[in-house]
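Please keep the sequence and the coordinates side by side while reading.

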Amino acid sequence: PQRIYYLSLEFYMGRTLQNTMVNLGLQNACDEAIYQLGLDLEELEEIEEDAGLGNGGLGRLAACFLDSMATLGLAAYGYGIRYEFGIFNQKIVDGWQVEEADDWLRYGNPWEKARPEYMLPVHFYGRVDHTPEGVKWIDTQVVLAMPYDTPVPGYKNNTVNTMRLWSAKAPNDFNLQEFNVGDYIEAVLDRNLAENISRVLYPNDNFFEGKELRLKQEYFVVAATLQDIIRRFKSSKFGCRDPVRTCFETFPDKVAIQLNDTHPALSIPELMRILVDVEKVDWDKAWEITKRTCAYTNHTVLPEALERWPVSMFEKLLPRHLEIIYALNQMHLDRVAALYPGDIDRLRRMSVIEEGDCKRINMAHLCVIGSHAVNGVARIHSDIVKNSVFKDFYELEPEKFQNKTNGITPRRWLLLCNPGLADVIAEKIGEDFITDLSQLKKLLDFINNETFIRDVAKVKQENKLKFAAYLEEQYKVKINPSSMFDVQVKRIHEYKRQLLNCLHAITLYNRIRSDPSRSFVPRTIMIGGKAAPGYHMAKMIIKLITSIGEVINNDPYVGDKLKVIFLENYRVSLAEKVIPAADLSQQISTAGTEASGTGNMKFMVNGALTIGTMDGANVEMAEEAGEENLFIFGMRVEDVEALDRQGYNAREYYERLPELRQAIDQISSGFFSPRDPGCFRDVVNMLMYHDRFKVFADYEAYIKCQGQVDQLFMDPREWTKKVIRNIACSGKFSSDRTIVEYAREIWGVEPSATKIPPPNLPRD
């Protein structure tokens, strides 16, 4: 069959034990067996470390995709890096984030199997020699790539795929060459330099940091993976008479490479290098093969996130790849020039090489010219990709551009994390929804069914009690389980507008203070997420949240009407606990900035209602469930663009809206930081004078919308009916649907629902 290779620098897998039991249909058996040994399975599950080899959405998407590809019976492989240290553990000390190394392998990893027999060399540095026999890349430094395989089981179909993660190892002669005769000890210690390549995950979400070590990581995973892919292609018989396959004509029919963002973009020049320099394929033929093999998924439109590597760094680290990129770019620009004669500015805009004080390689442009398909991750994002980010490329080859709206795996994000809800659903519509989430539509028949309404509400209340107990046990915080659990969990970023949430919390607090006798809908506002260690504003936002909590949670006038909790060390295993307990899901990015979002989908399927902007997949969620069943507010993309044209003036909102002014004045005067009154001046200054994400512009609509949330929450029956409607309409957001679309429309393969016979039965 055609093999699918999903290349990603991140796989945010979380824990594996319970997921394996669920997918093998063994959970009840194991539960019972462990119980009979006098043990508690849940207690055992809490011991496992998260495999935190990702930052957020992009890495978690890769993990969901692996689950869906196995469940759909595709011959798919995930390829990435086995980071010794994953995303840092977050501690909150005095209200500030402190990072701690994530030594997740300390006690070993039972799920991986080292494969030293498949170890491969990866080359760096050196120089290029143009000889009559062809091009040679010589005098390189070699690092070995050691593969570690982790099984990826499909859901009850006896399929087990592989995630192969590479670890860097120095060769035995490393730094012990002729010139280094004397210093044997030094040379052995220097092996660390090579092995540092797979030491640590770069902790940036939606931000490009042009460090040489990161470029090494990107080439390391690509070079090792492509050798593996080609070895497997050559050794497969495919009913072919050659004992060894030397003809690459059929390569794109047998191999599909999906690039998860531009991080593995070097696959394009590397495949060209292997085909042309090593396998002696004609250049134009090699380019055809490369384009037909590769496809690129774009994950963001934020300019600061786009990878633009200095040419000087390439020249040193990957000299042959630089030559290939220059040649590909020349070919590409010749074509553009022929189609648009005299349009010099178009050539500048479309070049892979950006001219300027520091010449840079635009990796997104490289991906677009080197792939047969380019996709965004939600309809609105794919439209922005076509109409602005890659507008010129879309005009050149519109057929290349597609949309593939993200999804989440219902195995982990419903069955595993919310068994109570899964049971209540299965009682009504059977169990087939687990592999065909569109069947949740059948729940629409039960929207007015009193027992079903009661059961859904009961499951939510149980989940809330359980999470409240967990918070008390872990962090000694007492919360009111009958309050609305208002949750925003995601990476801390200005564009995600945790600050808007803060302003609402302060506004609510001020309303309670000004009239304590009025009846309020009690809320527990929970905000969680990590800030990139170098992102000053994000760290200030965390400090602001914890400071607001300090004041509100200790004010006797407030009592348990309002609490603000910062959820420390948000990660996959914590998401599995908080999401099933949430009543309200906050998805409040500035329209046009969140490519898709996937947390939004997890909350929807788990029975929370969404307050959100028309951004990312929120747009499609509102379309599926009906806009009146989400709390949609604020500017649309068109409004944001219009405001940009007229000029956004934060002060105007500050002057016009007294509650906003009061909140900002409190932050700025030190009301929330009495020990350091100037603590938040950077935050206030940003909001007032250079807020790219226009927090104030949506404040009024947001506060008003939150009022509607309160109104509905006071009518539990109507609230729960909206919840059921949301769950019933969440079927589109299964990653199974997403992967079926990739398979048919990009990879050219058909998923199969057939169950492989188990290993204890003879095969046909």
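The model is predicted, so local features need pLDDT of at least 70 and side-chain atom pairs count only at pLDDT 80 or more, while totals for chains, interfaces and linings use all residues. Residues are numbered from 1 along each chain as its sequence is written, and side-chain values use heavy atoms, with hydrogens and water left out.

Side chains of opposite charge can pair when their charged atoms come close. Here a salt bridge is a side-chain nitrogen of Lys or Arg within 4 Å of a carboxyl oxygen of Asp or Glu. The count under this rule is 62 salt bridges.

One of them joins Lys577 and Glu46, with N to O at 2.9 Å. This pair links distant parts of the chain, 531 residues apart: Lys577 is in helix 22 (residues 572-578), and Glu46 is in the loop between helix 3 (41-45) and strand 3 (51-53). Helices (H or I, at least four residues) and strands (E, at least two) are DSSP runs, numbered from the N terminus. Relative accessible area sorts residues into buried (under 20%), exposed (over 50%) and partly exposed (in between), with a 1.4 Å probe and protein chains only. Lys577 counts as partly exposed because its relative accessibility is 21%, and Glu46, at 37%, is partly exposed.

A salt bridge also forms between Arg335 and Glu397, whose closest N and O atoms are 3.5 Å apart. Arg335 belongs to helix 12 (residues 319-339) and Glu397 to the loop between helix 16 (391-396) and strand 19 (401-403), so the pair ties together parts that are 62 residues apart in sequence. Arg335 is partly exposed at 38% relative accessibility, whereas Glu397 is buried at 13%.

Glu718 and Lys721 provide a local example, with a salt bridge at 3.7 Å, N to O. Both residues lie in helix 30 (residues 716-728), three residues apart, or about one turn of the helix. Glu718 is partly exposed at 33% relative accessibility, and Lys721 counts as buried at 14%. Elsewhere, salt bridges with shared partners join Asp343, Asp345, Arg346, Arg348, Arg349, Lys391, Asp392 and Glu395 into one network.

Where does the side chain of Thr546 reach a backbone oxygen? The oxygen is that of Lys543, at 2.9 Å; a polar contact is a pair of N or O atoms within 3.5 Å, where, within protein, one must be able to donate a hydrogen and the other to accept it, and residues adjacent in sequence count only if both atoms are side-chain atoms. Thr546 sits in helix 21 (residues 536-553) and is buried, with a relative accessible area of 16%. Apart from neighbours within four places in sequence, Thr546 is in contact (heavy atoms within 4.5 Å) with Ile92, Gly95 and Phe566.

Helix 24 (residues 618-625) is mostly covered, six of its eight residues being buried. These are Asn618, Val619, Glu620, Met621, Ala622 and Ala625. Their cover includes helix 15 (379-389), strand 23 (584-587), helix 23 (599-605), strand 24 (609-612), strand 25 (631-632) and helix 30. After helix 24 comes Gly626, with a positive phi near 95°.
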